[in-house]
Amino acid sequence: QVQLVESGGGLVQAGGSLRLSCAASGRTFSTFTMGWFRQAPGKERDFVAAISWSGYNTYYADSVKGRFTISRDNAKDTVYLQMNSLKPEDTAVYYCAARAGWRFPDYSNSYPTGYDYWGQGTQVTVSS
């Protein structure tokens, strides 16, 4: 089992920045692909970004490319999502997720059904 706990959400004005963290415990974190997803009220859970166990491979949703950066620190069992130039449409509950292995092509890592472990989520609200 892997337990995931997100933190770092909050209220920010449009154009601002936030950094989300996801701390993992349980099985060996460094072997897992990690992903960030988000879900706005009344909408489906959408992919945001994913990173392979080594950090070498990353993949982003088009809507956040160039604004968000995913990274990980395997020594701390933590994955991060740096969010810059935030927009009101980024408002959602953000979830981190874990799965074994990185799949090719890269977009194969964007499907929520491919992840085995999920955190409880952290709210991000961007005001206009």
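This is a short tour of a predicted model, from the whole chain down to one residue.

**Before you start.** Residues count from 1 along each chain as its sequence is written, and side-chain values use heavy atoms, leaving out hydrogens and water. In this predicted model, local features need pLDDT of at least 70 and side-chain atom pairs count only at pLDDT 80 or more, while totals for chains, interfaces and linings use all residues.

You will find eleven strands and zero helices. Both are DSSP runs, numbered from the N terminus: helices are H or I, at least four residues, and strands are E, at least two. Now switch to the C-alpha trace. Along its principal axes it spans about 40 × 30 × 25 Å.

**Colour by burial.** Of the 128 residues, 45% are buried (under 20% relative accessible area; exposed is over 50%, partly exposed in between; 1.4 Å probe, protein chains only).

**Show contacts** (heavy atoms within 4.5 Å). Take those between residues at least 6 apart in sequence: 60% join residues at least 24 apart.

**Select Leu 20.** Leu 20 sits in strand β3, residues 18-26. Is Leu 20 buried or exposed? Leu 20 is buried, with a relative accessible area of 0%.

**Select the residues around Leu 20.** Leaving aside residues up to four places away in sequence, Leu 20 touches, among others, Ser 7, Gly 8, Gly 9, Trp 36, Met 83 and Val 124.

**Finish with a distance.** Pick the C-alpha atoms of Leu 20 and Tyr 95: 9.7 Å separates them, though the two residues are 75 apart along the chain.
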